[in-house]
Every structure is written in C-alpha cells, then in structure tokens.
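Me: I would like to learn how surface features are read from a model, taking one kind of feature at a time. Could we work through an example together?

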Amino acid sequence: MRIGMGYDVHKLGRERKLIIGGIEIPYNKGLLGHSDADVLIHAIMDSLLGAAALGDIGKHFPDTNPEYKGASSIHLLEIVGSLIYDKGFSIGNIDATIIAEQPKMAPFIGKMVKNISKALNISKDRINIKATTEEGLGFTGRGEGIAAQSICVIE
C-alpha cells in the first residue's frame, strides 16, 4: 500500500471558463493556466503520481509543451490512470478537498465524482470530494484563486 498527496492552486481571471472536476461551473471568472487549469484534477493527478513514485504533473505534462495548451485535465487524468495501472497498481481510494470562497461547489460534486470515476475506471464509492471556504482569509478567501488538495491510496 502506498499513499500520495497532491496540491494545486490557480489564480482566477476573466475571460476563462471555470472547470473543476471536469465540470464547467457557471461563474464570472475562470482559472488561469496552460491547460484548462482544473485544480481538483491536478491535485488528484499529483497524489496518484506521487504514490506511485512517478514524479508530478509538471514532469509528464510540462507547461512549456504546446501540446498541453488548453488540454482537458480529465483527459490527462486518463493518461495518469494508465501510468498507474501499467506500473501494476490499483487505486484504493481518493479523498480531495476544493478550497474556494465562491462559487459554491456542492451542486457539482456528484458530477465531478462521476467524471473522475469514469476517467480512472474505478467505482464512485472510492472517490470522496469535499469543498470548503477559508472564511474570507488568504488568497482563496479574497476570491483571488482556488486551491485543491488530494490524498490517495494505491495498492
């Protein structure tokens, strides 16, 4: 059994879609980044890669590579899943937290779980996603960005 931890953060900006967990969430800002900047999926990928001692998403999908410009993070998660399975591991569970003052994530969490389950070919009961605010504190509390954390077990 191995445990991995992942963390990601992206700044909010205008004229970008807000994509979290592979879901386009209606909001007046989106996350800035080379790919679709999906902080939740990025944190999950890093936790999986870390557990398998395969580096991080920057190693596999560098922001200097134009191939990943605007890339779907759900598609990248499928690739990470293949790397995990090719190394002989199975995914025990994933527990992740989205940290955002706005918008509210609760209405979208079920769809996020479904997307992640499909991308990794694991049952939904192995995935838990939560969301929290920081009570107005820090960059997330001021609405400047969104962060996510993930922990996983692979066997």
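Me: In which strand does isoleucine 3 lie?

Reply: This is a predicted model, and in it isoleucine 3 belongs to strand 1.

Me: Is isoleucine 3 buried or exposed?

Reply: A residue counts as exposed when its relative accessible area is over 50%. Isoleucine 3 has a relative accessible area of 57%, and is therefore exposed.

Me: Which residues form the nonpolar patch on the surface?

Reply: The patch consists of Ile3, Met5, Tyr7, Val9, Phe139 and Ile151, which together have about 550 Å² of accessible area. Strand 1, covering residues 2-13, supplies the largest share of this patch, namely four residues.

Me: How many salt bridges does the structure hold?

Reply: A salt bridge is read from a side-chain nitrogen of Lys or Arg lying within 4 Å of a carboxyl oxygen of Asp or Glu. The structure holds three of them. One of these joins glutamate 24 to lysine 17, at 3.9 Å from N to O; another joins glutamate 144 to arginine 142, whose closest N and O atoms are 2.7 Å apart.

Me: What does the salt bridge between lysine 130 and aspartate 95 tie together?

Reply: The two side chains meet at 2.6 Å, N to O. Since lysine 130 lies in strand 6 (residues 127-132) and aspartate 95 in strand 5 (residues 91-99), the pair ties together parts that are 35 residues apart in sequence. Lysine 130 is partly exposed, with a relative accessible area of 32%, and aspartate 95 also counts as partly exposed, at 26% relative accessibility.

Key
Residues are numbered from 1 along each chain as its sequence is written. This is a predicted model: local features need pLDDT of at least 70, side-chain atom pairs count only at pLDDT 80 or more; totals for chains, interfaces and linings use all residues. Side-chain values use heavy atoms; hydrogens and water are left out. Patches are made of residues with over 30% relative accessible area and no salt bridge: like charges are joined within 9 Å, nonpolar side chains (Val, Leu, Ile, Met, Phe, Trp, Tyr) within 5 Å. Accessible areas come from the Shrake-Rupley method with a 1.4 Å probe; for residues, only the protein chains shown count as cover. Helices (H or I, at least four residues) and strands (E, at least two) are DSSP runs, numbered from the N terminus. Buried means under 20% relative accessible area, exposed over 50%, partly exposed in between (1.4 Å probe, protein chains only).
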